Amino acid sequence: MDEQILFDRFHEALDLEPRPGAYERMRFAMTNRPVALKGRPAFRIRWSKMGLRIAAGVTAAVIVIAVAAAFIGAHRGLVGSAPASQDPNVKVYRDMIALDYNAMTASTSHCNTIQDTGCQAAVNAVIPTLQKWGSDLSSFRTPLRFVVIDGQLRRHLTQTIADGNAAVAFQKAGNENGFNLAMNAAFYERAWIDPTMFAIVGSYPRVAGSYHDAFGFTRQSLAACVNSTPGPADLACTALLKRACVGAAAQICESYVQSADTQIQTFLIALLQNPAPSSLTTKDAQLQADLAKADTALLATTDALLHPDAAKVDAGELSYSDAISSADGDAIAIGNP
Amino acid sequence: MLFRQTESDLVQSARAGDGAAFADLLRPEYRTALRLACGLLQDVDEAEDAVQEAAFTAWKRIGNLREGSSLRPWFLGIVANQCRSVKRSRWWSVTKAEPPDSEAPANDLLASIDLRRALRRIGHDERLVLVLRYYLDLPFEEIATTLGISPKAARTRVERAVHRLKPIMQVQGAAV
């Protein structure tokens with residue numbers, strides 16, 4: 001059998017790229033699940049004195065450079081958005097995002113169980129970094145290409161703060177179910193933020209080869225959701241609209257919400273990575289706006305699950321359904337690019 | 001990333017118990033590992049879970065990774081073993097889902113090239129060498145390191161596995 005044919009056939013049959021957040025979910029699990037290492041003390045980093053000095057020096061230099069870049073970026077642009085192509089602010093924007101992301105990851109602490117005494121401190125440490133990130137994004141003149149994902153990133157940063165505060169409140173109240181729900185939400189937000197950040201800075205693997213592919217995948221999933229038929233990605237339309245989300249069912253609903261949100265994120269990243277041809281720019285912008293509405297509705301649903309507020313959960317799910325229907329209409333309007 | 005550590009720093013930190021450091025070490029291998037798991041399991045969710053479990057296993061055994069040896073084949077070997085465990089645990093459902101050969105019309109097999117289906121019908125070890133070779137595009141030397149065998153033995157295993165595909169997979173225009 002011709003070897004080249006085998007290579008081609010295997011790639012045709014099996015080719016796929018990791019879904020957004022897959023690696024980050026693994027990394028998050030590894031960061032938060034202790035393992036017993038043979039013959040080594042757990043969770044202890046060893047540095048030589050010289051290594052520490054060098055690392056401290058390099059880190060300080062990097063921080064100074066990055067802060068200067070972010071400062072210049074934040075003061076060069078006005079609030080609002082700038083045209084996408086050849087925008088000189090894109091690099092500054094990306095640098096600012098990388099810097100804020102690193103500040104967030106540097107503050108990560110441990111809060112895994114309701115017995116964990118470090119939760120309050122962990123939340124107190126990470127919230128200022130999230131607030132600063134949100135503030136930096138708000139005051140930046142966002143490059144046009146990133147406006148939609150930027151808006152959603154801000155909403156997810158806000159939700160992460162809400163999740164963290166809710167977890168601490170539940171811990172103080174001794175409400176374990178509430179605590180777990182809030183921590184799951186916070187963990188999920190982290191898993192949403194990571195791929196989004198990498199997609200914006202341009203280091204995330206491509207999830208579609210072209211606009212045609214990115215759009216086709218999105219359209220099929222939306223149509224499947226609206227028509228209750230099998231599709232390539234489950235947007236949980238049926239599961240979310242037919243399920244009561246009170247009490248113990250809240251965690252199940254939360255997982256459906258997160259599953260759906262991961263798919264919406266996939267579409268947004270795929271469309272970000274593969275800009276629409278100029279003839280479809282307006283229609284594509286509408287599609288992305290409606291996908292963003294769906295994402296926002298899922299965030300509202302998550303927030304309502306945490307409080308808990310059944311009426312707001314229902315309202316969030318209905319908003320999600322409306323946004324998906326609108327996005328499906330947008331996809332039909334785009335047709336076959 | 002602004003604060004990226006060197007590989008040796010990451011290994012050192014991972015050996016000291018830093019999970020994030022080990023995950024960072026695995027980042028360049030994640031895509032390949034996931035593709036291997038998908039090729040073996042043909043289910044993205046199970047593949048993600050298998051890679052994550054393999055990562056934990058690898059982390060626990062990081063003391064076994066020799067100084068100067070490459071991380072990738074070592075980790076891929078662990079992923080392959082994890083996938084074998086997953087396949088065993090779901091064996092009943094797989095055999096139930098797969099119709100016996102006699103139920104599939106012969107002309108159906110001849111007419112359509114269904115490599116995924118063909119792969120499900122051969123053993124784990126055969127599927128593994130085929131995925132390593134033709135999907136991950138690994139040279140025989142790296143396949144050999146992953147499997148802990150010689151490059152010559154790796155080549156022989158690949159050839160045998162291709163031979164096993166013959167009755168199942170029909171490649172248009174190719175000498176089968």
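In this predicted model, chain B is built from ten helices and zero strands, and reading along its sequence gives the pattern α-α-α-α-α-α-α-α-α-α. Of the 176 residues of chain B, 51% count as buried, while the accessible surface of the chain comes to about 8,600 Å², with 48% of that area belonging to carbon and sulfur atoms. Among the contacts in chain B with a separation of 6 or more, 62% are accounted for by residues 24 or more positions apart.

Turning to chain A, helix α5 spans residues 119-138 and has 20 residues, reaching 28 Å from its first C-alpha to its last, which is close to the 28 Å expected at 1.5 Å a residue. The buried residues of α5(A) include A:Ala122, A:Val123, A:Ile127, A:Leu130, A:Trp133 and A:Leu137, and also A:Thr129 and A:Asp136. What covers the buried residues of α5(A) includes the helices α4 (89-106), α6 and α7 (176-201) of chain A, together with the strand β2 (141-143).

Helix α6 (residues 147-173) of chain A also packs with helix α10 (residues 249-273) of chain A, at an angle of about 145° and with the two axes 10 Å apart; the crossing in which α6(A) passes α10(A) is left-handed. On the side of α6(A), the contact is made by A:Val148, A:Ile149, A:Gln152 and A:His156, and on the side of α10(A) by A:Asp261, A:Leu268, A:Ile269 and A:Leu272. Sorted by class, this contact of α6(A) with α10(A) has five nonpolar residues, two polar residues and one charged residue.

Methods:
Residues are numbered from 1 along each chain as its sequence is written. Chains are lettered from A and ligands numbered from 1 in the order in which they are written. This is a predicted model: local features need pLDDT of at least 70, side-chain atom pairs count only at pLDDT 80 or more; totals for chains, interfaces and linings use all residues. Side-chain values use heavy atoms; hydrogens and water are left out. Axes are lines fitted to C-alpha atoms, for helices over the stretch in contact, and angles run from 0 to 180 degrees between N-to-C directions. Helices (H or I, at least four residues) and strands (E, at least two) are DSSP runs, numbered from the N terminus. A crossing is left-handed if the near helix is turned anticlockwise from the far one by less than a right angle, and right-handed if clockwise. Contact means heavy atoms within 4.5 Å. Ala, Val, Leu, Ile, Met, Phe, Trp, Tyr, Cys and Pro count as nonpolar, Asp, Glu, Lys and Arg as charged, and the others, Gly among them, as polar. Buried means under 20% relative accessible area, exposed over 50%, partly exposed in between (1.4 Å probe, protein chains only). Accessible areas come from the Shrake-Rupley method with a 1.4 Å probe; for residues, only the protein chains shown count as cover. The expected span of a helix is 1.5 Å times one less than its number of residues.
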